[in-house]
Amino acid sequence: MQLDEFMQDIALGAGQIIKSKFHHIKKWHTKSDPGDIVTEADEASEKYVIDRIRSAYPDDRILSEESGAIGDGNSGRVWIIDPLDGTRNYMMGIPLFCVSIGLAIDGSPIMGTIYDAIHDEMFFAERGKGAFMNGDPISVCREESLEDSLVSVSWVRRKVDGQAFVEYVEQISRDTSYFRRFGSAALVMAYIASGRIHAYMQGGLNPWDVAAGVIIIEEAGGVVTDFHGRPIDLRNQDIEILTANPALHSMLLRDVVSQRA
Ligand code: 2AM
Ligand code: CA
C-alpha cells in the first residue's frame, strides 16, 4: 500500500472504531487540565493507529495526543496524531469530531488526513499534489468581504489570554454576519479547506490538533499562520492559528489580530 493510501486507510479504521463507540461511552477521565478529557474511544483509536504505523514504518517517530512521543527512528519523519479531535462533542453525543493524522519533517507537514466517520468525509492532502475530500479536489472559498463571511473563533481557556479572545469575538461579530464555534479544531480546518467556513482563529492548540489541517488548507489554496503572520511550527506545544483565503487572511491579520498580538 502506498503512503497516501496507508494514511487514509488508518484514518478510516480509527474512524470506524470511534464511530462504533459513539453514544456508548461510559468511562472518561480528565487530564492535567480539567477541561481536557479522554475516553476509551480516544484510547482505542490511538492504539489502533500507533500499532499500524509502528508495524509498517518502524523507522518513523510518532507524536500522539494521549501517549506523547514514541520511538527513536531516524527516518526524519514524524506522524502527528489526534485519535479523536472533538472529544467533548463526542461525549455529549454531538456528531462533530474526527480523526486527524499528519506526517511532518522538521516541524513542517508533508501529508495529512482528517476523517469524519459520522459523515464519511475523508479530507486528504500531500505537499504539491492538491487537497481532496473523498477523492474530489477541494479549495478554500473565494469570498473577500468579511461582512459576508462565516468566521470561527475559539480558544482553550486555561492556555490563552481569554480577554483578548473575547475582544476578537466582539470585533468579529461586529464585522461579520456569521460567527461559529465548533469544538473540533481539526474539523474546522477541514471545513476551511473545503470552502464551508471562510476564516478561523484559535489559540492554545497542540501540534496534533493542527498537523493535518495545515497541509490540507495550504494545498486547498489557503493560508495558515500564527497571529504574527509566521508559518506554523509543529514542534511548538502552544499553537495559535489564523487561517483563511489569502485576501481574508491579510485583512484579519491587519485589522483584528495585529492590533493585540
Ligand atoms: P480535543 O478534542 O482533541 O481535546 C476545542 O476544545 C478544540 O481545542 C478541540 O479540537 C480540542 O481537541 C482542542 N484542545 C486542545 N487542547 C485542549 C484543552 N486543554 N482543553 C480542551 N480542548 C483542547
Ligand atoms: Ca484528541
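This is a predicted model: local features need pLDDT of at least 70, side-chain atom pairs count only at pLDDT 80 or more; totals for chains, interfaces and linings use all residues.
Residues are numbered from 1 along each chain as written, and chains are lettered from A and ligands numbered from 1 in written order. Local features need pLDDT of at least 70, side-chain atom pairs count only at pLDDT 80 or more, totals for chains, interfaces and linings use all residues, and side-chain values use heavy atoms, without hydrogens and water.

Visitor: How many residues surround ligand 1?
Guide: A residue counts as near if one of its heavy atoms lies within 4 Å. Among the closest are Asp82, Asp85 and Thr87. The shell includes six charged residues (Asp, Glu, Lys and Arg count as charged). The total is 17 residues.

Visitor: Which residue has a polar backbone atom 2.7 Å from an oxygen atom of ligand 1?
Guide: Polar contacts pair N or O atoms within 3.5 Å. Ala185 puts a backbone N or O atom 2.8 Å from a ligand 1 oxygen. The side chain of Asp33 has an N or O atom 3.1 Å from a ligand 1 nitrogen. At 2.7 Å, the residue is Gly86.

Visitor: Where does ligand 1 lie relative to the domains?
Guide: Bounds come from an automatic or database domain assignment. Domain 1 (3–137) and domain 2 (151–260) both give residues to the shell. Ligand 1 therefore lies between domain 1 and domain 2.

Definitions and conventions: A polar contact is a pair of N or O atoms within 3.5 Å; within protein, one must be able to donate a hydrogen and the other to accept it, and residues adjacent in sequence count only if both atoms are side-chain atoms.
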